[in-house]
Amino acid sequence: MEPKEQVEALENKAMEDLNDVNDQDALMNFRNTYLAKKSELSALMGKMKDIPAELRGAFGKIVNDTRAKIEAAFNAKKEAIERKAMELKLKAEEIDLTLPGRTHQAGAVNPCWVIVDEMMDIFAGMGFDIVEGRDVETDHFNFELLNVPKDHPARDMQDTFYIDDSLLLRTQTSAAQAHYMLSKGGKEPIKMICPGKCFRRDDDDATHSHQFGQIEGLVVDKNISLADLKGTLELFVKKMFGEKREIRLRSSFFPFTEPSVEVDVSCAKCGGKGCNICKGTGWIEILGAGEVHPNVLRMCGYDPEVYSGFAFGVGIERLAMLRYGIDDIRRIYANDIRFLKDFSEK
Amino acid sequence: MKISLKWLKEFVNLDGIEPEVLASKLTFAGVEVESIDKLASGTNLVIGKILTCVPHPDSDHLHILNVDEGQKYGVHQIVCGAPNARVGLNVIVAREGAVLPCVTIEKGVIRGVESDGMCCSLLELGVDKKFLSEKQVAGIEELPEDAPVGEEDVLGYLGLDDVILDLSLLANRPDMYAMQNVAMEVGALLEREVKLPEYKEYSTGKSDFVVTSLTDKCKLFGGREIRNVVTKPSPKWMSDILTSMGVRSINNVVDIGNFVMLLTGQPINMYDADKLLGRTLEVREDFEGEYVAMDEQSYTLAKGDLVVSSNEVPMCLAGIMTSKACAVTEETKNVIIEAANFFGASIRRTSNRLGLASDSSSRFVKGLNAEQNEKVLRICSALMVELADAKEVLSCDTYDELPHEKKIIKTSLAYINGRLGTNFSKEEVVSTLTRDHIVVKELEDGAFECEVPYYRIDMGGEADISEEVIRLLGYENITSKLPEGGHKGGYSEAQKNKIAIRRFLRNEGLTEVLTYSLVDLKKKDAFEYIAHGENYRLINPLTDDKEYMRKNILASLLETAAYNYAHQNKDVAIYEISDVDAKGLEGRHLGIVLVGEESLAGKLERRTYDFYSVKGYLEGIFSLLNLNPQRFRLEKLKSDKEEFHPYRSAMIYAGKDPIAVLGELHPNKAKELGFGKAPVVALELNLVALLDMKTSEKKASVPPKFPTVTRDLAFVVSRSEDYMNIKREIMRIDRMIVDVDIFDSYQGVGIPSDKKSIALSLSFRLEDRTLKDEEVSAIMEKVTGMIKMKFNAEVRG
């Protein structure tokens, strides 16, 4: 056979052999046979010297072209085999995607904290300071400075927990008002809320709790009127309960404010048409408020001729019960995780 | 307070005003109407006369009646079960289609006999049982012989066509416990005229009977002597009013007292003059001993209880209840009427202590106006003459130590508008106050003088005047605005840190709880490690289990965890931040309790909670607050209380002060608390101390220029050697050692039981050049030598 025919035959045989190559071992054998230094093709190259000089160039090109063809075919085959091997490997690594992920599920929060945190965020955003009072108070701060006179029924042993003649468990977060006002020396404007625990001598039942939470708000400055109170509470209510909520004020009474009002919010469930949540009235009572009584300002160091202010107080449990449809306040304090799991915050 | 609209109409014209509208106006003005109730109700009613009455053949108690229902409706056959049904009786018939409070009447067949309608009792028309006699409850109502047969306005005929407003009153409106003042309020709200009844003065002279007071708890005591009264049933108009107002009619004399109280708000007490021990009544508060009241119960009185005595014997527990000895009866001829002003707080304390209250005592408790005593006595005497045939009225000298000044409040238009945030005109304000029965005198410069009605004892200053304006004109007149001024506000650093800690713990899967701050005797000193002091103890606890303010919170948290453990939650991870108080202590603690296992991926991957779980949270908090852990010192907890596991618990100190206790619970304690054998881990941390610590300013750090070389070192040492101590000693050997980390700690098979195997990774680095291998090896040799020498370690590999 002419060397040129030998090259062609070799190419045909190589391509035939490559067809049968299916794994890495066969691939290596093929490479050794056709592409290595000691392969037949290399051997043919060795025969160059037997070829007339004028044909050597053409022959060399044929050999190199053939080699390139075989190499290209080999590489394509190699890639196919490797891809297949990878596919098999990956398939073997298949997992159950539906198993639970590895994380801590975020813990729940007692619903009262949800309310407190939301309110603190809203009022902090409106420029209120957050002030924290103490649970143990003197009757001077809890009652006297708040215009609750000595013989007022609220001061009876029947209604208030006493530690001694003058120490008691605060019955209202308003006690923190007086501390704060006195700390400001009767001069600085005040804008604060005070969240905290309160205590009253009530037997625990579905709607009463000897311990409960309140958030007290107080703004004192020159020219603070009921219009400021109304605007502030309107903004709060829209942020807390939704843009569409409205408020209305009803005349009421608290010893430390005058005038005093109860504040109702339009029912979120029926939008004011009347339903079982709002007992058909379209409105739900959510807080008490009013213009700070001149006596309170005076006793706490602010001249009522110069300064005025408004105050409000919200019951935390009541808001939590309304929002989440909780039927019994004792559930809040039982802290049963099966109950708490539904309440969360970021 | 129940208000009869029928009676109210005698004073104010309510034409065109629906009860709902009136109720709403009152409510918005601060006089809340809790409910609107009909005294009785029923449609399709008619007065009938029983013509025939024969026993039902198929029943032992039913009768078959023929009832004449007048010209319009004729005679109908009715089957009736009432025992008092009889021929000739006038009855209330509910005809076919009648809607009664509990039933709708239909034509029907009762045991084979047709029945068309029902004869009714007042109970069936909705009248409260307390106003009815036993006979009235047991059978059908027996109407008088002259009752108009065929009359369809039966409720009107009976005086039961009344609507009752039930007022829920606040402490500032005690005046609303008087019908006359309710009328004034309604007049102000509706802008209608109020006409109060006038009563004639029948007093013909002075009585020698003396009424007086020996205590400053009663500064006003007036009396009248009424002679030769005749006790008999009250006229129907009066008993109807009393029924509507929720008071049962007894007899004319007793009813007059109640009527005057309902009208004026002034409680009236009556004594049988002939049963008193002398011709004086004096109020005192120094009586001690037994007292038998009109209810025939005996009460033990103490000093401070106000009594009205005659010859030093108490005749009346002042303002609350007369004694049995001198109460008026059907036989009473001569009466002493008392109208006094007793100190409310005294009455309240006595009333609460004895558990004895009345309509009268509650009026004293809420506060009485003292400016109408003479008028009240006049009304009472007049009614005694007109309704009880009294022959003689004599006036006693009134004991009166009160100043009786006119209440005049000075204010101005600017003040009122400024306080309310409104823009009312002078005319609006003046006309509003005027219709509120305030006498306004205009001064110069928009100032007013307001003379307040005597019954408005709640009003004391100009703020009260502003409230009158807005409650009558309506809060909807206020245009909302926001406070001006640039107060910055927002959270303090400590508050932000607290929020961050809470968020961190929740993200770690812990649930935030809220527990009671009051605890029992057993819990008050439990888990007392980081805060001490004598507990605050209530002098008036409601129950034994809530008697002390807590000074530490783990006991409460463990109780909450145990509750959940007992209620199908074997794995519990909870925390709480709470104030703690004791004498000399104003603290705030964070408590964490972990029970069972931590879930890393559902139930698939779980890890049992142990000491390192809570330690990790504590270290996480230090890191979160940018507090260098080296500022804290850990020491084994030394305690003989068997609360914590003695070898798996620690105290953390910042300087000298303990700021945290943490550890696994002692197995005996865990069992005692109801956790069985489940592992329980707890932490209590003084947050005040932590949040007060100065944190170092954060500065950007430059990554090291030269590479870090690491070498591992494994050895076996005694179990009692602490890792932290070994690390500290290694770090001291050379400044090239920049860190030591533990990556294995093992005790168990293959290691002697008193030993443990430790594997450390040491990091070496210099800031100014690359380290040479020989240098590191040389230091490693020193390290090995040191731990052999100092810790008696056996170096492996």
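**Figure 1. Helix 5 and helix 10 of chain A cross in this predicted model.** Helix 5 covers residues 111-125 of chain A, and helix 10 covers residues 316-324 of chain A. Their axes come within 9 Å. The crossing angle is roughly 105°. Angles of 65 to 115 degrees count as roughly perpendicular. Helix 5 of chain A and helix 10 of chain A are therefore roughly perpendicular to each other.

**Figure 2. Residues where helix 5 of chain A meets helix 10 of chain A.** Helix 5 of chain A brings P111(A), C112(A), I115(A) and V116(A). Helix 10 of chain A brings I316(A), E317(A), L319(A), A320(A) and Y324(A). What kinds of residue make up this contact of helix 5 with helix 10 of chain A? Eight are nonpolar, one is charged and no residue is polar.

**Figure 3. Chain A and its two assigned domains.** Chain A holds 12 helices and nine strands. Its radius of gyration is 43 Å, while the globule rule gives 20 Å for 346 residues, so chain A is more spread out than a compact globule. Along its principal axes, the C-alpha trace of chain A spans about 130 × 45 × 45 Å. Domain 1 of chain A runs over 3-92, and domain 2 over 111-340. The C-alpha centres of these two domains of chain A lie 90 Å apart.

**Figure 4. The contact of chain A with chain B.** Chain A gives 68 residues to this contact, and chain B gives 72 residues. Which helix of chain A supplies the largest share of the side that touches chain B? That is helix 8 (residues 226-241) of chain A, with eight residues. The side of chain A that touches chain B has 32 nonpolar, 18 polar and 18 charged residues.

**Figure 5. An open sheet of five strands in chain B.** Strands of a sheet pair through backbone hydrogen bonds, either parallel or antiparallel. Here the strand order is 12-15-18-19-20 in chain B, and the pairing is mixed. Strand 12 (210-213) and strand 20 (321-322) of chain B are the edge strands. Each of these edge strands pairs on one side only. Strand 19 (residues 313-317) and strand 20 of chain B run antiparallel, joined by two bridges. In strand 20 of chain B, T322(B) is the bridge partner of C316(B).

**Figure 6. Assigned domains of chain B.** Among them are domain 2 (45-158), domain 3 (205-400) and domain 6 (709-796) of chain B. Domain 1 of chain B is written in two pieces, 2-39 + 163-190. The C-alpha centres of domain 2 and domain 6 of chain B lie 105 Å apart.

Note on methods:
Residues are numbered from 1 along each chain as its sequence is written. Chains are lettered from A and ligands numbered from 1 in the order in which they are written. This is a predicted model: local features need pLDDT of at least 70, side-chain atom pairs count only at pLDDT 80 or more; totals for chains, interfaces and linings use all residues. Two residues are in contact if their C-beta atoms, placed from the backbone, lie within 7 Å. Helices (H or I, at least four residues) and strands (E, at least two) are DSSP runs, numbered from the N terminus. Ala, Val, Leu, Ile, Met, Phe, Trp, Tyr, Cys and Pro count as nonpolar, Asp, Glu, Lys and Arg as charged, and the others, Gly among them, as polar. Axes are lines fitted to C-alpha atoms, for helices over the stretch in contact, and angles run from 0 to 180 degrees between N-to-C directions. Angles under 35 degrees count as roughly parallel, over 145 as roughly antiparallel, 65 to 115 as roughly perpendicular and the rest as oblique. Domain bounds come from an automatic or database domain assignment. Two strands pair if DSSP finds at least two bridges between them. The radius of gyration is taken over C-alpha atoms; the globule rule is 2.2 Å times the number of residues to the power 0.38.
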